[in-house]
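Got your viewer open and your selection tool ready? Let's take a short walk through the inside of this one.

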Amino acid sequence: MPQPKKRAARKSLSQPAWITLAGGFAARRCLVQDISASGAKITTDEDASQLPGVIRMAFARDARTGRSCQVVWRRGKSAGVKFL
């Protein structure tokens, strides 16, 4: 029987960050609610269902910084991302 996957330990953060869409344009503010080595939970000002499948998240507005993320779930204004 396969062992259940363990989630990486999450750290509560509540830190402002920026997300950018493909091409690095249209930086949008978000709030990183919690973070782990494998991903994060973010909250946006708008409905998270509008986010594309892949975004870039950074703690600075500069689109050249940060990490590429895959959006794995969306609920209201919150989304879960997995670091790529």
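Start by selecting Thr44: this residue is buried, with a relative accessible area of 7%. Bear in mind as you look around that the model is predicted. Thr44 belongs to strand 3, which covers residues 39–44. Why call Thr44 buried? Because its relative accessible area is 7%, and the label applies under 20%.

One of its polar atoms sits 2.5 Å from the backbone oxygen of Glu46. Then bring up the residues Thr44 touches, leaving out those up to four places away in sequence: Ile19, Cys30, Leu51 and Lys77.

Next stop, the nonpolar core. Select Ile42 and Met57, the residues with the most contacts inside the largest core, which has 16 residues. Color by strand here: strands 1, 2 (28–35), 3, 4, 5 (67–75) and 6 (78–83) each put at least two residues into this core. Beyond its neighbours within four places in sequence, Met57 is in contact with residues including Ala17, Trp18, Val32, Ile42, Cys69 and Phe83.

How many cavities of 30 Å³ or more does a search of the whole structure find? The search turns up 1, and the largest cavity has a volume of about 30 Å³. To center on it, pick Trp18, Thr20, Arg56, Ala58 and Asp62, the closest to its centre of the 11 lining residues. Strand 1 (11–20) and strand 4 (54–58) each supply at least two residues of that lining. Color the lining by class and you get 6 nonpolar, 2 polar and 3 charged residues.

Note on methods. Residues are numbered from 1 along each chain as its sequence is written. This is a predicted model: local features need pLDDT of at least 70, side-chain atom pairs count only at pLDDT 80 or more; totals for chains, interfaces and linings use all residues. Side-chain values use heavy atoms; hydrogens and water are left out. On a 1 Å grid over the protein atoms alone, a cavity is a set of points where a 1.4 Å probe fits but cannot get out, and a pocket is an open set with protein on both sides within 12 Å along at least five of seven lines; lining residues have an atom within 4 Å of a point. Grid points are joined across faces, edges and corners, and a volume is the space filled by probe spheres set on the points. Helices (H or I, at least four residues) and strands (E, at least two) are DSSP runs, numbered from the N terminus. Ala, Val, Leu, Ile, Met, Phe, Trp, Tyr, Cys and Pro count as nonpolar, Asp, Glu, Lys and Arg as charged, and the others, Gly among them, as polar. Buried means under 20% relative accessible area, exposed over 50%, partly exposed in between (1.4 Å probe, protein chains only). A polar contact is a pair of N or O atoms within 3.5 Å; within protein, one must be able to donate a hydrogen and the other to accept it, and residues adjacent in sequence count only if both atoms are side-chain atoms. Contact means heavy atoms within 4.5 Å. A nonpolar core is a set of buried Ala, Val, Leu, Ile, Met, Phe, Trp, Tyr and Cys residues joined through side-chain atoms within 4.5 Å.
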